[in-house]
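Student: I am new to this structure and should like to work through it by question and answer. May we begin once it is on display?

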Amino acid sequence: MSGQVHSLVASLARDSTHRLVAALARRLGAGRIAIAEDAVQHALLQALSLWPFKGVPERPEAWLATVTKNRALDLLRGEARREALAEELIPLFPPISANDGRFDRELNDDELALLFAVCHPALSPEMRVTFALKTVCGLTVPQIAAGMLSEPTAIAQRLVRARRQLEAAEVAIEPPPPEALPERAETVRTALYLMFNEGYSASSGEALVQPEFCVEAVRLARALAAHPMTMSPASDALAALLSLTAARLPTRVGPDGVAQLLEDQPREKWDRGLIGLGFAHLDRSARGGELSVWHLRAEIASIHALAPSAAGTDWARIVEIYDQLLEVDHSPVVQLARAIAVGRADGPAAGLAALPSIEGSPYGEAARGVFLAELGRRDEARGHFEKAMALARTEPERRLMEKRLSSPL
């Protein structure tokens with residue numbers, strides 16, 4: 001029973017925490033986001049303590065909502081507005097349908113409002129993205145650090161400063177005025193992109209993918225593209241990118257638990273519904289004359305989605321797109337992706353020459369090993385595969401390198 005409860009609470013923590021925080025923070029104000037987070041964590045701990053002995057309630061999400069609300073009121077005891085807040089919090093969480101016993105999985109204004117609130121101009125761009133990833137997207141400090149190529153201590157300090165600045169500015173959790181949309185919307189898009197990346201390629205742990213992050217990122221991106229205040233070509237391009245990439249989730253890891261590279265994935269198992277959804281957003285993103293980084297990334301994803309195989313992919317066009325991306329994003333990640341595309345378009349020698357030097361990157365070491373193996377330099381390739389295996393962030397990635405080393409190079 002205890003193991004089942006732990007599994008259920010872990011699932012609820014993944015799927016419901018950010019919604020509870022968003023709903024509560026909307027009523028309490030951005031300065032009290034810490035109270036909202038504490039209240040939700042208290043509810044989860046109560047579930048772990050009580051459910052193994054008293055049994056799981058019929059509607060566990062509703063139980064969490066009630067305990068969260070009560071805990072928030074306890075934390076606010078003594079404040080002059082407590083009674084008024086109590087009245088506001090009574091209808092905080094709508095009743096859950098008896099038919100499904102779950103929170104509505106469709107996105108709501110609470111999440112959009114919180115996203116835009118934490119991306120307030122009172123914060124620096126890096127603070128906005130960091131705070132959005134932690135507060136709304138539900139990523140941990142180490143996960144955020146991995147996605148932003150930073151150190152966990154720096155991320156933790158940034159979060160503390162962000163909370164203090166929002167509280168000092170008395171920021172209201174509400175959609176910004178129209179003139180503030182361009183700046184905030186781009187930060188929101190960046191946060192959703194990083195959230196998706198953590199789900200698609202986990203920064204640590206036993207699992208390579210964490211689908212719950214991908215699902216939430218796709219849904220939030222679609223909500224962003226549909227909301228009358230935030231719809232734009234760039235928002236549709238982001239929704240297209242995430243949908244087209246999410247379509248490959250079923251084939252990211254093989255039945256043997258080994259990570260599967262794009263070239264090895266059985267394309268017939270890609271999610272055709274998500275691919276169709278992605279192309280619908282891509283079509284809408286073509287309105288207007290804007291060409292954003294999201295359009296470029298979405299075009300790359302669309303080329304992969306349409307290609308019948310890795311060999312039949314238009315790699316030359318992908319290289320051209322990466323050249324455009326490098327003009328605005330010269331990060332090692334983009335350089336590495338471009339080098340891989342160059343290797344597929346012009347051969348392993350060209351790919352090897354284009355590879356950037358990325359210290360401590362399992363992907364850089366693995367790509368170098370692949371190109372060297374294709375050039376017949378097997379001993380050198382083996383050394384890089386061994387480094388990649390030692391640096392692997394997840395078990396499926398480690399197994400892939402192990403498989404490479406055990407096979408004839």
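Student: Which helices are included in what covers the buried residues of H17?

Tutor: The model before us is a predicted one. In it, H17 is mostly covered, with 10 of its 13 residues buried; among them are Pro362, Gly364, Glu365 and Phe371. What covers these buried residues includes helix H15 (332-346), helix H16 (348-354), H18 and H19.

Student: Why does the span of helix H17 (residues 362-374) agree with what its 13 residues should give?

Tutor: The reasoning starts from 1.5 Å a residue, at which the 13 residues of H17 should span 18 Å. Beyond the helix comes Gly376, whose phi is positive, near 85°.

Student: Is His384 buried or exposed?

Tutor: His384 lies in helix H18 (residues 378-391). Leaving aside residues up to four places away in sequence, it touches Glu365, Arg368, Gly369 and Leu372. Since buried means under 20% relative accessible area, and His384 has a relative accessible area of 17%, His384 is buried.

Student: How far apart in space are Glu402 and Glu386, C-alpha to C-alpha?

Tutor: Glu402 is found in helix H19 (residues 395-406), where it counts as partly exposed because its relative accessibility is 40%. Along the sequence, Glu402 and Glu386 are 16 residues apart. In space, C-alpha to C-alpha, the separation of Glu402 and Glu386 is 8.0 Å.

Student: How many residues of H11 are buried?

Tutor: Helix H11 (residues 233-246) has 14 residues and reaches 20 Å from its first C-alpha to its last, close to the 20 Å expected. One of its residues is Thr245, which counts as buried because its relative accessibility is 11%. Thr245 touches Phe196, Tyr200 and Ala301, not counting residues up to four places away in sequence. For H11 as a whole, the number of buried residues is 14 of 14.

Student: Where in H2 does the kink lie?

Tutor: Helix H2 (residues 33-54) has 22 residues and reaches 30 Å from its first C-alpha to its last, close to the 32 Å expected. After H2 comes Gly55, whose phi is positive, near 95°. The kink, of about 30°, comes shortly before the proline Pro52, at Leu48.

Student: Which residues does Leu44 touch, not counting residues up to four places away in sequence?

Tutor: Leu44 has its place in helix H2 and belongs to the buried residues there, which also include Ile33, Val40 and Trp51. With a relative accessible area of 8%, Leu44 falls under the 20% cut-off and is therefore buried. Leu44 and Ala13 are 31 residues apart in sequence, yet 7.3 Å apart in space, C-alpha to C-alpha. Not counting residues up to four places away in sequence, Leu44 touches Val9, Ala13, Thr17 and Leu64.

Student: Which element gives the most to the lining of the second largest pocket?

Tutor: The second largest pocket has a volume of about 370 Å³. Of the 18 residues that line it, the closest to its centre are Ala13, Thr17, Gln41, Gly138 and Leu139. The elements giving two or more residues to this lining are helix H1 (2-28), H2, helix H6 (125-135) and helix H10 (211-226). With 5 residues, the element that gives the most is H1.

Student: How many residues of that lining are nonpolar, polar and charged?

Tutor: The answer comes from sorting the lining of the second largest pocket by residue type. Gly counts as polar here. The division is 6 nonpolar, 7 polar and 5 charged.

Student: Is Glu170 buried or exposed?

Tutor: Glu170 has its place in the loop between helix H8 (152-169) and helix H9 (181-200). The C-alpha atoms of Glu170 and Arg32, 138 residues apart along the chain, are separated by 9.9 Å. Because its relative accessibility is 69%, Glu170 counts as exposed.

Student: What share of the residues in the protein chain is buried?

Tutor: The protein chain has 19 helices and 0 strands. Of its contacts with a separation of 6 or more, 65% are between residues 24 or more positions apart. Among the 409 residues in the protein chain, the buried share is 50%.

Terms used: Residues are numbered from 1 along each chain as its sequence is written. This is a predicted model: local features need pLDDT of at least 70, side-chain atom pairs count only at pLDDT 80 or more; totals for chains, interfaces and linings use all residues. Side-chain values use heavy atoms; hydrogens and water are left out. Helices (H or I, at least four residues) and strands (E, at least two) are DSSP runs, numbered from the N terminus. The expected span of a helix is 1.5 Å times one less than its number of residues. The bend at a residue is the angle between axes fitted to the seven residues ending there and the seven starting there. Buried means under 20% relative accessible area, exposed over 50%, partly exposed in between (1.4 Å probe, protein chains only). On a 1 Å grid over the protein atoms alone, a cavity is a set of points where a 1.4 Å probe fits but cannot get out, and a pocket is an open set with protein on both sides within 12 Å along at least five of seven lines; lining residues have an atom within 4 Å of a point. Grid points are joined across faces, edges and corners, and a volume is the space filled by probe spheres set on the points. Contact means heavy atoms within 4.5 Å.
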